[in-house]
Amino acid sequence: MSILREINPNVKSIRESEQEIIDRRAGEINAEIEQGLVKHYKEVLDVSFGDAHGMGLKPLTFVRQVLAACIYPSLLLDDSLPLDVRERAQRFLEDCDGGSIGSYPPMIGVRKAWLSVSEFISRRDGIVSNPDNIFITSGSQHGLILLLKLLVQSEGALRTGVLIPVPCYCSFKNALTAQGAVAVPYYLCEEEGWTVQIKELRKALHAARGHCNPMVLYIINPGNPSGHVQSKASIEEVIRFAAEERLFLMADEVYQSFVYGNGREFYSYKKVLSEMGSPYSSNVELASFHTISKGVMGECGLRTGYVELVNIDPEVMRYTSSLFATNLCVPVVGQIALDVMADPPQPGQPSYALYAQQVQSLQRTLMNNVQRTEEVLSGLPGITCQPIMGGIFAFACLHLSQAAIKHAKVKKAGARLAVLPASAGGHGPVCVTWL
């Protein structure tokens with residue numbers, strides 16, 4: 001007996017993403033090349049996916065040394081490891097039951113990592129971060145999904161609407177579908193560097209109110225895949241809009257350490273919200289997300305991040321804690337890396353010089369890749385691209401000729417072209433971490 005008819009209808013509604021289509025076609029082309037089919041090129045490079053280590057960037061030595069010592073504690077007696085590495089590993093293991101990372105950690109996370117995240121946020125924003133408002137998660141995406149479970153009503157006359165930017169990465173759109181939420185697209189202004197415009201937010205919100213109940217505004221800053229970085233004034237406008245429309249703000253800030261544009265600076269939503277003062281600082285509900293997968297860490301495979309909640313009603317926090325507790329615990333190995341991200345080596349410590357050198361080298365590599373990517377894209381006929389201000393993606397626009405459109409339709413690819421803008425073009429992300 002098949003259980004197909006019993007499958008959650010929200011899961012059935014998930015469609016194959018653009019990324020999956022690209023990956024499948026790239027695999028087909030590579031197979032054709034291996035079989036000897038002559039092409040005008042020799043290989044296919046995947047520059048659409050933000051896997052830093054998978055694309056050639058090397059892990060930071062201090063991170064891997066601390067991981068090694070925690071996994072194999074006999075290394076704590078090995079003088080070949082720097083003293084601060086062994087001390088860091090020892091402190092972390094002291095917060096693990098039985099002195100082993102193989103033991104279950106507390107639901108909130110290993111105390112060392114949990115407190116390090118709180119102190120990191122306090123240093124970054126200049127305001128005290130209460131650790132009780134922080135939840136360590138199995139990556140930022142998992143934190144987003146858990147918050148959606150809390151906020152989304154998927155049944156009844158009006159389902160919950162979530163305002164999402166266009167462009168937006170594929171997996172978040174699928175996560176909305178899986179939770180039964182209604183995606184309410186708001187379009188970033190490409191001509192002005194993919195800026196967030198309040199008039200567009202208002203237009204999207206009002207259009208959605210007839211068929212769903214918009215409750216959440218999702219912001220990605222720095223942008224993924226748009227590469228924009230919001231100014232402080234832009235963030236203030238968004239916060240005022242959220243307050244006016246009584247929207248819950250979800251700020252995805254995972255690329256906060258990658259800002260390249262001249263005169264650009266990363267401002268966290270929490271910091272700006274605090275500086276705006278009453279009534280905003282005490283009333284606007286905010287969840288902000290970060291992860292070890294992005295930034296200088298690039299530890300995508302360790303799947304760990306955090307979410308900090310601001311201005312949440314105590315009763316809602318109680319339900320939130322219960323919901324996050326269903327996850328039991330986040331893998332401890334990722335929490336070790338999270339602790340290092342939040343509390344890296346400091347000047348005067350044995351590992352600081354090498355750590356700083358590696359971070360600076362990584363930043364230079366990415367800056368060079370950004371410049372190289374922009375130069376390559378600007379030199380290609382039929383392609384335009386806004387300057388990359390932050391993050392790890394360029395979001396290029398391909399302007400298709402009528403002849404190309406006609407050829408695609410003949411090849412039965414017209415279904416995809418039907419959703420392209422009136423300018424007869426399409427967009428796609430190009431990751432700048434490739435080497």
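Is Thr 320 buried or exposed, and what is its relative accessible area? Thr 320 is buried, with a relative accessible area of 1%; buried denotes under 20% relative accessible area, exposed over 50%, and partly exposed the range in between, computed with a 1.4 Å probe on protein chains only. The model is predicted, so that local features require pLDDT of at least 70 and side-chain atom pairs count only at pLDDT 80 or more, whereas totals for chains, interfaces and linings use all residues. Residues are numbered from 1 along each chain as its sequence is written, and side-chain values use heavy atoms, with hydrogens and water left out.

Thr 320 is located in helix H12; helices (H or I, at least four residues) and strands (E, at least two) are DSSP runs numbered from the N terminus. The side chain of Thr 320 reaches the backbone oxygen of Val 316 at 2.8 Å. Residues up to four places away in sequence being left out, Thr 320 touches Phe 135, Leu 150 and Leu 309, where contact means heavy atoms within 4.5 Å.

The strands were examined next. Seven of them form an open sheet of mixed pairing, in the order S1-S7-S6-S5-S4-S2-S3; two strands pair if DSSP finds at least two bridges between them. Strand S1 (134-137) and strand S3 (182-187) each have a single partner strand and stand at the edges, so one side of each is left without a neighbour in the sheet. On average, and with direction ignored, neighbouring strands of this sheet are turned by 25° against each other. Axes are lines fitted to C-alpha atoms, for helices over the stretch in contact, and angles run from 0 to 180 degrees between N-to-C directions.

Glu 253 lies in the loop between strand S5 (248-252) and helix H10 (269-276). Although buried, Glu 253 has no salt bridge, and the nearest side chain of opposite charge, that of Arg 124, is 4.2 Å away. A salt bridge requires a side-chain nitrogen of Lys or Arg within 4 Å of a carboxyl oxygen of Asp or Glu; Lys and Arg count as positive and Asp and Glu as negative, while His and the chain ends are not counted. The side chain of Glu 253 does reach the backbone nitrogen of Tyr 269, at 2.8 Å. Beyond four places in sequence, residues touched by Glu 253 include Arg 124, Asn 221, Ser 288, Phe 289 and His 290.

His 290 is also a neighbour of Ser 140: the two residues are 150 apart in sequence and 5.9 Å apart in space, C-alpha to C-alpha. Ser 140 belongs to helix H6 (residues 140-151) and counts as buried at 12% relative accessibility. Residues up to four places away in sequence not being counted, Ser 140 touches Val 254, Phe 289, His 290, Thr 291 and Gly 305.

Several loops contain backbone exceptions. Most residues other than glycine have a negative phi, and most peptide bonds are trans. A cis peptide bond joins Asn 224 and Pro 225, with omega about 10°, and Pro 225 lies in the loop between S4 and helix H9 (232-245). The bond from Ser 278 to Pro 279 is likewise cis, omega being near 5°; Pro 279 is placed in the loop between H10 and helix H11 (280-283). Arg 303, in the loop between strand S6 (286-291) and S7, has a positive phi near 50° and is partly exposed, with a relative accessible area of 37%. Asn 311, in the loop between S7 and H12, has a positive phi near 60° and is partly exposed at 27% relative accessible area.

Technical notes. Polar contact = N/O pair within 3.5 Å; in protein donor to acceptor, adjacent residues only side chain to side chain.
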